[in-house]
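Biologist: Could you walk me through this one slowly, please? I would like to understand the side-chain contacts.

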Amino acid sequence: MAGKPIVIDKLKTYGNKKSRYKMYAQFKGYGLLPVLIDYETALELGEIKNPDKKITREQALAQLKEAKKLLDLEVLTQKNMKN
């Protein structure tokens, strides 16, 4: 499912006071069964992204530089970038 957007259906917690609780994101997979992923680890690895999260100036510049590089290599066109 790498690179494909998904919609998280539920956030669930499992565990107990002794072993500590962990939060899992649940979403629909390819089959009938739901998929659970470790929410905190997925956030740290960039597997889950919040589209409403503000980015830093450095992150914005890095994204612009990457886009410019792709334009220069003709991997992207101006038309692609408007979509």
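Modeller: Lys-22 and Asp-38 form a salt bridge, with their closest N and O atoms 2.6 Å apart; the term means a side-chain nitrogen of Lys or Arg within 4 Å of a carboxyl oxygen of Asp or Glu. The pair links distant parts of the chain, since Lys-22 sits in strand β2 and Asp-38 in strand β3 (residues 34-38), 16 residues apart. Strands (E, at least two residues) and helices (H or I, at least four) are DSSP runs, numbered from the N terminus.

Biologist: What should I know about the model and its numbering?

Modeller: This is a predicted model, where local features need pLDDT of at least 70 and side-chain atom pairs count only at pLDDT 80 or more, while totals for chains, interfaces and linings use all residues. Residues are numbered from 1 along each chain as its sequence is written, and side-chain values use heavy atoms, leaving out hydrogens and water.

Biologist: Is Asp-38 buried or exposed?

Modeller: Asp-38 is buried, with a relative accessible area of 16%, whereas Lys-22 counts as partly exposed at 39%; buried means under 20%, exposed over 50% and partly exposed in between, using a 1.4 Å probe and protein chains only.

Biologist: How many salt bridges are there in the whole structure?

Modeller: The search finds two, and the other joins the side chains of Asp-72 and Lys-68 at 2.7 Å, N to O. Both residues lie in helix α2, four residues apart, which is about one turn of the helix.

Biologist: And what comes after α2?

Modeller: Glu-74 follows α2, and its phi is positive, near 60°.
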